[in-house]
Amino acid sequence: MTSPLTALSPLDGRYSHKIEPLKEFFSEKALMYYRVRVEISWIQFLSDRNDIEELRAFTEKEKRILENITENFSEGDAEKIKSFEKTTNHDVKAVEYFLKEKFAATSLKDVVEWIHFACTSEDVNNLAYAMMLRDAIRKCLLPAFTEVADLIGEKSREWKGIPMLARTHGQPASPTTVGKALFNFYARLRRELAGLEGVDFLGKINGATGNYNAHVVAFPKVNWLEISKTFVEILGLTWQPISDQIEPHDFIAKISHNIFRLNTICTDFSRDIWGYIAIGYFKQKLKEGEVGSSTMPHKVNPIDFENSEGNFGIANALFHLFAERLPISRWQRDLTDSTLQRNIGVAFGHTLLSLSSLSKGIQKLEVNTTQIEKDLEENIEVLSEAVQTVMRKYGVEHPYEKLKELTRGKRITRKEYEKFVGDLKIPKEAKDALQNLTPQSYTGIAEEIVEKFG
């Protein structure tokens, strides 16, 4: 077995243990398994039908034989398929020969030529990949994204009432709360996760160019549209009734765009947290034995957020490629999609790795209220928005311009602020409210938003 130290890809080396669950869905053995599952399901389905009389019904014992081939699919079986492929130079045909050999050793030897009946290899492939994507998304990716979203949501609720200076264009701006700043990301993630949860995984089984040509010649009176639809739905997929040789992969493009957006939101979050750590709004819990620099002992670097950003970047480069290229096929079929689809697991791997880093990083965060309070106290000028808005309410002329003259590009003291407000020609109660206003209390309904929508 190849050592992780000599692996070409860091996913198979340095990070292998972190993306282990995906191997069940995107390894070559996994692809072989899903192909075997489609082939076994197809012959079983045909044998159960009354309108395909030439294919006999299978006994209960034979049905168990078929189930065992799928359920007990082993690495040895995968190696056997690989040995057939050395001769065929065709991966799906190798699966067919593997199954024929399996059948030949049982009472099913008389039905071996019904394996892969009327199928083109893409009938098997598209269904296999659709099931792989479905299972990997539901069992790995959705739980990982949900964990990160829930962690952000949990922190946003915990910190919903902590005032924090906002920064638009990197400059001090109207205050928010720590929780509301995080809650924006939680809301965005939940919206995109709902889209991923509701995606249709499409599949087709309609022959070499999508017209059931061979099917109709062999069985002209059979309703092949009904058979195709029923079989695809039995596999837990949504039927694609119209295609050429390949299912056009538009749904994979949709999934790729969906995950691309989720990754982008998480990247945005990582960068924001990196920035907040840089200005001292967050501290990171220390772990015994860790070092932040080989030469600077004081360093506690935001490596989890940096690692997540880097791996999201790799993943999104691939997801963009899948969305752009998979739906394109020359005429009725070319093989460009074959190589691309084999790399879907790589994009999932870098995404899962990023989510693992992000989850770890979020759990290490602590709010540095001392630094946040200091920034709020030193930026009284952010209250200028409130003052000029109240001035507008009471008809004071040129309120924006007057506050601009007082505050633009400079800091003012509390005393300067109170003097400006004290000189305003507005009702006493409005003046008192502005005099009592602080950056800490000037957070609008930020806390309420988190409570209401969280």
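## A buried pair

Lys 204 is buried, with a relative accessible area of 0%. Its salt-bridge partner is Asp 123, and the N to O distance between the two side chains is 2.7 Å. Asp 123 also counts as buried, at 0% relative accessibility. The two residues are 81 apart in the chain: Asp 123 belongs to helix H6, while Lys 204 sits in the loop between strand S3 (202-203) and helix H8 (213-218). This description rests on a predicted model.

## Overall form

The protein has 454 residues, and buried residues make up 50% of them. Its secondary structure consists of 19 helices and six strands.

The C-alpha trace spans about 100 × 55 × 40 Å along the principal axes. The radius of gyration is 30 Å, whereas a compact globule of 454 residues would have one near 22 Å. Leu 335 is found in the loop between H11 and helix H12 (336-342). With a relative accessible area of 59%, Leu 335 is exposed, because the cut-off for exposed is over 50%.

## Other salt bridges

Side chains of opposite charge can pair when their charged atoms come close. The count of salt bridges in the protein comes to 36.

Asp 110 and Arg 56 form one of them, with 2.8 Å between the closest N and O atoms. This bridge links distant parts of the chain, 54 residues apart: Asp 110 is in the loop between helix H5 (91-104) and helix H6 (121-158), and Arg 56 is in the loop between helix H2 (28-47) and helix H3 (60-71). Arg 56 is partly exposed, at 27% relative accessible area.

Lys 93 is partly exposed, with a relative accessible area of 32%, whereas Glu 96 is buried at 5%.

## Charge on the surface

A patch of positive charge on the surface gathers Arg 14, Lys 18, Lys 287 and Lys 360. Among these residues, Lys 287 is placed in the loop between strand S5 (282-284) and helix H11 (303-325). Lys 287 counts as exposed, at 52% relative accessibility.

Key
Residues are numbered from 1 along each chain as its sequence is written. This is a predicted model: local features need pLDDT of at least 70, side-chain atom pairs count only at pLDDT 80 or more; totals for chains, interfaces and linings use all residues. Side-chain values use heavy atoms; hydrogens and water are left out. Patches are made of residues with over 30% relative accessible area and no salt bridge: like charges are joined within 9 Å, nonpolar side chains (Val, Leu, Ile, Met, Phe, Trp, Tyr) within 5 Å. Accessible areas come from the Shrake-Rupley method with a 1.4 Å probe; for residues, only the protein chains shown count as cover. A salt bridge is a side-chain nitrogen of Lys or Arg within 4 Å of a carboxyl oxygen of Asp or Glu. Lys and Arg count as positive and Asp and Glu as negative; His and the chain ends are not counted. The place of a charge is taken as NZ of Lys, CZ of Arg, CG of Asp or CD of Glu. Helices (H or I, at least four residues) and strands (E, at least two) are DSSP runs, numbered from the N terminus. Buried means under 20% relative accessible area, exposed over 50%, partly exposed in between (1.4 Å probe, protein chains only). The radius of gyration is taken over C-alpha atoms; the globule rule is 2.2 Å times the number of residues to the power 0.38.
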